[in-house]
Amino acid sequence: MEEIGIPELTTRQREELCAVAERAARNHVLSKAPSNRISVLNVTVDAEGTKPVTVNVEVEVTLSPLMKDCDAEKLANEATEKAFVAIEAFLRELACKSSK
């Protein structure tokens, strides 16, 4: 990811960053498959450091056998991408607020 000039993150900001990423990943999966057709949905987001911050996102999806037309691995990868898009948006917003 490119350098976007974010300030050093506080513990609260890192927690909020993780929550934003997790919510984005979960929302993506739930937008593609009904919750009663999802057997397992685990989203793990870890943010380490303050500046620079390193973020790891893992999404595990297991779908019901009734979801034959849906690829769980592809869905998990898409959800991970959505989480990183949300992370970048969150960090850009922080950078804008800190430059004012």
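In which helix is Ser 31 found? Ser 31 is found in helix H1, which spans residues 11-32. The model described here is predicted.

## Overall layout

The protein has two helices and two strands, and read from the N terminus the elements follow the order α-β-β-α. Of its 100 residues, 38% are buried. The accessible surface is about 6400 Å², and carbon and sulfur atoms hold 46% of that area.

Among contacts in the protein with a separation of 6 or more, 64% join residues 24 or more positions apart.

A polar atom of the Ser 31 side chain lies 2.7 Å from the backbone oxygen of His 28.

## The hairpin

Strand E1 covers residues 38-48 and strand E2 covers residues 54-63; the two pair in the antiparallel sense over ten bridges. Within this pairing, Ala 47 stands opposite Val 55 of E2.

E1 and E2 form a hairpin, with five residues between the strands. In the turn, Gly 49 has a positive phi of about 85°.

## The nonpolar core

The largest nonpolar core has 31 residues, and those touching the most other members are Leu 17, Val 55, Val 59, Val 61, Leu 63 and Leu 91. Elements giving two or more residues to this core are H1, E1, E2 and helix H2, residues 72-98. The most comes from H2, which gives ten residues. In soluble globular proteins, nonpolar side chains tend to be buried together.

Leu 17 is one of the core residues named above. Setting aside residues up to four places away in sequence, Leu 17 touches Ala 47, Val 53, Val 55, Ile 87, Phe 90 and Leu 91.

Apart from neighbours within four places in sequence, Leu 63 is in contact with Ala 33, Arg 37, Ile 38, Ser 39, Cys 70, Ala 72 and Leu 75. Between Leu 63 and Ser 35, the C-alpha to C-alpha distance is 9.4 Å, with the two residues 28 apart in sequence.

Methods. Residues numbered from 1 in each chain as written. Predicted model: local features only at pLDDT ≥ 70, side-chain atom pairs only at ≥ 80, totals over all residues. Heavy atoms only, no water. Helix = DSSP H or I, 4+ residues; strand = E, 2+ residues; numbered from the N terminus. Buried < 20%, exposed > 50% of the residue type's maximum accessible area, 1.4 Å probe, protein only. Contact = heavy atoms within 4.5 Å. Areas by Shrake-Rupley, 256 points an atom, 1.4 Å probe, with all protein chains shown as cover. Polar contact = N/O pair within 3.5 Å; in protein donor to acceptor, adjacent residues only side chain to side chain. Pairing = 2+ DSSP bridges. Core = buried A, V, L, I, M, F, W, Y, C linked by side-chain atoms within 4.5 Å.
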